[in-house]
Amino acid sequence: MEAKLLEVKNLSAEFNSDKGSFQALTDISFTINEGETLGIVGESGCGKSLTALSIMSLLPCGGKITQGNIYFKGRDLLNLSDRQMQKVRGNNMAMIFQDPITALNPVHTIGCQIAEVLMIHKGLSRGQAMEQALKALKRVMIPMAELRLGEYPFQMSGGMCQRVMIAMALVCNPELLIADEPTAALDVTIQSQIIDLLAELREESKTAILLITHNLGVIAEMAQKVAVMYAGQIVELGHVKTVLEKPLHPYTKGLLESMPGSNHSQGKRLHVIRGSVPDYMNLPDGCTFHPRCSQGMELCKRENPSLTSITEGHFVRCWKVKAQ
Ligand SMILES: Nc1ncnc2c1ncn2[C@@H]1O[C@H](COP(=O)(O)OP(=O)(O)O)[C@@H](O)[C@H]1O
Ligand SMILES: [Mg+2]
């Protein structure tokens, strides 16, 4: 039996703003075992980042978890104090973001920023921390690391800044790395270098990864399991091979058919899922995907299906699939 590292259970979250409140996440459940990589995919605005930020306890202002549990090695993170959670962030889990240049502090050198993490979390002296920071830069294969230590983020390219972010995230050897579209802001050639780097570091450190990406190719290459999100819910969850080769949810099928070069799109015109992501302030009744679904039934308009196990480890939220 693989050991569970993270278990997100029936998590829901809402946002309150001057325009009103809306439910941003509904009944999110998944687990990540030690050393495992889980991918999350779905259109922009479907709640991928908010899921990640909930786990880190970093929901933006106005956002609130209304239901559910987040267990990390059996401990519910939602019961921790801010101080306890601060220790977990950095020590046990760390996150890297889409835009590395804005995620770094512009007024401190790269070396100081990495060293600070070590001074706070590991209690190292400045000298020891700087030594470790240099090793961390070498670990992510930054050329001329000694020189880079004294540089500021604006002096480096986007790809180099993302390497620095990865170095900083991994410096305390977290058991879980959350990577939120880590290559979305980078040039295509640099993107694959960063993915290769993550894959190498994962081999070395056996860190579990929650990998959020638009790129199903990256999921196929990196992840063991994948969760497909739509309008704040997981609509399909399972082993990568199963979900990518035998998708069951109409939305997953649509995503795969819209991807150039996938088995599902070969020889066909690229498919576009009709309609657009629903307005959260005005979510449709029943299954949130039904207005865009070509296989919808009457029941789909009335009741939201639950995420149901179809075969071992393969979960789908769809009335039609359940009925088959
Ligand atoms: N700070 C915020 N205030 C209000 N709404 C937000 C905020 N952040 C995200 N949202 C809304 O929550 C939904 C999910 O956002 P997000 O998790 O960022 O999507 P994704 O990462 O999948 O693109 C979107 O509709 C988005 O507009
Ligand atoms: Mg996002």
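Trainee: In what order do the eight strands of the open sheet run, and what is the pairing like?
Mentor: The order in this predicted model is β6-β7-β8-β3-β9-β10-β12-β11, and the pairing within this open sheet of eight strands is mixed. The strands at the edges are β6, covering 93-96, and β11, covering 308-311, each of which pairs on one side only. If direction is ignored, neighbouring strands of this sheet are turned against each other by 20 degrees on average.

Trainee: And how many bridges hold β9 and β10 together?
Mentor: Six bridges pair strand β9 (residues 225-230) with strand β10 (residues 233-239), and the two strands pair in the antiparallel sense. To take one position, V226 has G238 in β10 as its bridge partner.

Trainee: Which strands does α1 touch when it packs on that sheet?
Mentor: Helix α1 touches β3 (37-41), β6, β7 (176-180), β8 (208-212) and β9, and the direction of α1 makes about 150 degrees with that of β7. Helix α7, which spans residues 158-170, also packs on the sheet, where α7 touches β6 and β7 and its direction makes about 170 degrees with that of β6.

Trainee: How many bridges join β1 to β2?
Mentor: Ten bridges join the two strands, which run antiparallel, and β1 and β2 form a hairpin that has two residues between them. Along this pair, N16 stands opposite S21 in β2, while E7 stands opposite T31 in β2.

Trainee: What about β1 with β4, how many bridges there?
Mentor: Strand β1, covering residues 4-17, is joined by eight bridges to strand β4, covering residues 63-72, and these strands again run antiparallel. On the β4 side, I70 is what V8 stands opposite, and N69 is the bridge partner of K9.

Trainee: New topic, the ligand. Which residues come nearest to ligand 1?
Mentor: There are 14 residues around ligand 1, and those that come nearest are G45, K48, S49, L50 and P60. Two or more residues of the shell come from each of the elements β1 and α1, with α1 giving the most, namely three residues.

Trainee: How does that shell divide into nonpolar, polar and charged?
Mentor: The shell around ligand 1 has six nonpolar residues, seven polar ones and one charged.

Trainee: I was also looking at R126. Is that residue buried or exposed, and why?
Mentor: R126 counts as exposed, because its C-beta atom has 12 C-beta neighbours inside 10 Å, and a residue is called exposed at 12 or fewer. In terms of secondary structure, R126 is found in helix α5, which covers residues 126-139.

Trainee: Which residues is R126 in contact with, leaving aside its neighbours within four places in sequence?
Mentor: With those neighbours left out, R126 is in contact with A115 and M119. As for A145, which is 19 residues apart from R126 along the chain, the two C-alpha atoms are separated by 18 Å.

Trainee: Last one, the whole protein. How many helices and strands are there?
Mentor: The secondary structure comes to 13 helices and twelve strands. The radius of gyration is 21 Å, close to the 20 Å that the globule rule gives for 324 residues, so the protein is as compact as a globular protein of that length. Taken along the principal axes, the box that the C-alpha atoms fill is roughly 65 × 50 × 45 Å.

Trainee: And what share is buried?
Mentor: Buried residues make up 40% of the 324 residues. Turning to contacts between residues at least 6 apart in sequence, 61% of these join residues at least 24 apart.

Key: Residues numbered from 1 in each chain as written. Chains lettered and ligands numbered in written order. Predicted model: local features only at pLDDT ≥ 70, side-chain atom pairs only at ≥ 80, totals over all residues. Helix = DSSP H or I, 4+ residues; strand = E, 2+ residues; numbered from the N terminus. Buried ≥ 20, exposed ≤ 12 C-beta atoms within 10 Å, placed from the backbone. Contact = placed C-beta atoms within 7 Å. Pairing = 2+ DSSP bridges. Rg over C-alpha atoms; globule rule 2.2 N^0.38 Å. Near = placed C-beta within 6 Å. Nonpolar A, V, L, I, M, F, W, Y, C, P; charged D, E, K, R; others polar. Axes fitted to C-alpha atoms, helices over the stretch in contact; angles between N-to-C directions.
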